[in-house]
Amino acid sequence: MKKTLIGPFSQLLTLANIPLKGAIEDEALLVIENAGVLISDGKISGIGKFTDLKSEDVQIEHVHGKSVCIPGLIDAHTHICFAGSRANDYALRNSGKSYLEIAKTGGGIWDTVTKTRRATQAELVDGIIERAQNHLKSGTTTIEIKSGYGLSVDEELKMLYAIKEASSKIETDLISTCLAAHMKPKDWVGSASAYLDEISSKLFPILKSEKLTNRIDAFIEESAFSSLEIAPYFRKARAMGFSITVHADQFSTGGSETAVHYNAVSADHLEASTQKEIELLAKSNTIAVALPGASLGLGCDFTPARKILDAGGALAIASDHNPGSAPMGDLLSQAAILGTFEKLSNAEVLAGITFRAAAALELSDRGTLEKGKVADFISFPTDDYQEITYHQGQLKPNGVWKNGVKQ
Ligand code: NIG
Ligand code: FE
């Protein structure tokens with residue numbers, strides 16, 4: 001099979017050779033000028049100067065004009081399988097009501113559960129595809145999607161089958177996560193522990209046998225589940241070989257400590273984390289995932305990203321795209337804005353939405369541009385990579401390649 005050479009790009013950032021954890025200065029970025037990407041069978045088979053990669057047996061796909069090439073973006077935390085809108089919650093919040101107050105009075109997660117339960121699997125598939133295709137245009141080539149608006153064995157299965165079906169119909173790689181522990185369903189008669197027991201004993205085996213997901217998430221919070229209630233659930237998940245991820249420290253602490261205790265792959269949110277949690281995370285293997293879209297949607301503090309990096313933690317940045325707390329869903333805008341408020345270098349922002357995000361999903365085959373990695377990359381119409389964050393998401397990609405094929 002003939003190899004394809006794509007380029008020349010004015011600049012190419014490999015994002016390779018940067019540690020997974022800790023602060024990064026822009027000097028650490030490997031920038032190749034007049035670069036090319038050599039592709040064979042959907043994988044990168046060479047990265048370097050365009051002229052050095054040129055040879056007679058390669059087919060050339062020319063890139064015209066200014067272009068900066070970086071790895072395809074990876075969104076490690078979304079809830080884009082849902083039905084309905086929560087515009088009314090947003091208006092109520094802007095008039096002074098809190099997220100938790102709205103949840104207690106008929107809005108919040110339960111409102112989306114009601115609407116999602118009413119939707120058919122086909123409707124959910126259409127919604128996922130529409131959102132994922134929009135994200136692909138903005139450069140996101142891999143997206144994690146959680147269930148969590150079903151909250152019963154059957155309704156969670158409907159969501160996870162919808163994610164699986166959508167995945168088979170589009171180019172974007174969709175990584176599913178079971179978030180049946182999003183909140184105790186309002187129609188559940190019994191304790192939170194009994195609900196979690198029902199999910200772990202009835203749903204977990206089906207997730208395995210139907211290969212629906214290998215990831216279990218839980219929302220640890222006053223309005224959802226306590227660390228104590230979640231303990232047997234996570235023990236069971238671990239014993240069955242699932243990876244664990246946690247919605248942690250969004251409004252109060254406790255979640256990240258539990259995440260580290262269960263060796264979770266990631267602890268996400270962390271807006272309320274104090275120095276104690278930051279240091280605990282930094283010493284652990286758990287990736288801290290900042291969700292600036294939720295801070296922008298709720299009008300509250302950002303995740304202390306600077307402190308996490310300075311303590312030596314691994315920081316990924318994700319959109320949390322969902323109808324309630326994070327309706328915007330624009331990963332690059334949000335990461336750039338987090339960078340402005342938290343004083344992050346370009347390298348830290350870009351690492352957070354590429355290879356550090358890949359690590360949060362345990363994907364070692366993507367996130368950097370190196371030989372052997374999946375050929376997912378994007379280009380922006382500029383000749384200076386600093387322009388990517390500078391425009392705060394308004395500089396859109398002019399090229400998106402998934403598995404080496406231009407979309
Ligand atoms: O990540 N915090 C909990 N879950 C989602 C919000 C879901 C919703 O409000 O519908 C989050 O912000
Ligand atoms: Fe979330």
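A residue is called buried here if 20 or more other C-beta atoms lie within 10 Å of its own. This is a predicted model, so every view below shows a prediction.

**View 1. Helix α4 and the helices it packs against.** Take helix α4, residues 108-118, and pick out Gly108, Ile109, Asp111, Thr112, Val113 and Thr116: these are its buried residues. The buried residues of α4 pack against α2 (87-94) and α3. The next view moves on to α3.

**View 2. Tyr99 in helix α3.** Tyr99 sits in α3, which covers residues 99-104. Is Tyr99 buried or exposed? Tyr99 has 22 C-beta neighbours inside 10 Å, so it counts as buried. Setting aside neighbours within four places in sequence, you'll find Tyr99 in contact with Arg93, Leu298 and Ser325. Gly324 is 225 residues away from Tyr99 along the chain, yet their C-alpha atoms are separated by 8.8 Å.

**View 3. Helix α7 alongside helix α8.** Two packed helices are described by the angle between their axes and the distance between the axes. For α7 (residues 192-209) and α8 (residues 227-239), the axes come within 9 Å and cross at roughly 10 degrees. Angles under 35 degrees count as roughly parallel, and α7 and α8 are therefore roughly parallel to each other. On the α7 side, look for Ala192, Ser193, Leu196, Ser200 and Phe204; they meet Glu229, Tyr233, Lys236 and Ala237 of α8. Sorted by class, this contact has five nonpolar, two polar and two charged residues.

**View 4. Ala237, zoomed in.** Ala237 belongs to helix α8. It is buried, because 23 other C-beta atoms lie within 10 Å. Which residues does Ala237 contact, leaving aside neighbours within four places in sequence? They are Ser200, Phe204, Ile216, Phe242 and Ile244. For a sense of scale, Ala237 and Gln121 are 116 residues apart in sequence and 26 Å apart in space, C-alpha to C-alpha.

**View 5. Helix α10 and its cover.** Helix α10 runs over residues 275-283, and Glu277, Ile278, Leu280, Leu281 and Ala282 are buried there.

**View 6. Leu29 in the loop between β1 and β2.** Leu29 is placed in the loop that joins β1 to β2. Not counting residues up to four places away in sequence, Leu29 touches Leu13 and Ala347. Asn346 is 317 residues from Leu29 in sequence, but the C-alpha atoms of the two are 9.2 Å apart.

View 7. Most residues other than glycine have a negative phi, and most peptide bonds are trans. The peptide bond from Gly7 to Pro8, though, is cis, with omega near -5 degrees; Pro8 is part of strand β1, residues 3-13. Asn34 isn't a glycine, but has a positive phi of about 50 degrees. You'll find Asn34 in strand β2, residues 31-40, and it is partly exposed, with 15 other C-beta atoms within 10 Å. Lys343 also has a positive phi, near 60 degrees, and is not a glycine either. Lys343 lies in the loop between α13 (331-342) and α14 (346-352). Is Lys343 buried or exposed? Lys343 is exposed, with 11 other C-beta atoms within 10 Å.

**View 8. Where domain 1 touches domain 2.** The protein is divided into domain 1, made of 3-71 + 369-406, and domain 2, spanning 74-360. Their C-alpha centres lie 30 Å apart. Domain 1 gives 25 residues to the contact, and domain 2 gives 28 residues. On the domain 1 side, β5 (68-71), α16 (386-390) and β15 (399-402) each supply at least two residues. That side of domain 1 divides into 14 nonpolar, five polar and six charged residues.

**View 9. The annotated stretch, end to end.** An unreviewed UniProt entry places the feature "domain: Amidohydrolase-related" at residues 70-404. The span is 44% helix and 15% strand, and its end C-alpha atoms lie 13 Å apart.

Terms used. Residues are numbered from 1 along each chain as its sequence is written. Chains are lettered from A and ligands numbered from 1 in the order in which they are written. This is a predicted model: local features need pLDDT of at least 70, side-chain atom pairs count only at pLDDT 80 or more; totals for chains, interfaces and linings use all residues. Axes are lines fitted to C-alpha atoms, for helices over the stretch in contact, and angles run from 0 to 180 degrees between N-to-C directions. Helices (H or I, at least four residues) and strands (E, at least two) are DSSP runs, numbered from the N terminus. Angles under 35 degrees count as roughly parallel, over 145 as roughly antiparallel, 65 to 115 as roughly perpendicular and the rest as oblique. Two residues are in contact if their C-beta atoms, placed from the backbone, lie within 7 Å. Ala, Val, Leu, Ile, Met, Phe, Trp, Tyr, Cys and Pro count as nonpolar, Asp, Glu, Lys and Arg as charged, and the others, Gly among them, as polar. A residue is buried if 20 or more other C-beta atoms lie within 10 Å of its own, exposed if 12 or fewer, and partly exposed in between; C-beta atoms are placed from the backbone. UniProt positions are given in the numbering used here, feature names are shortened, and annotations may be inferred rather than shown by experiment. Domain bounds come from an automatic or database domain assignment.
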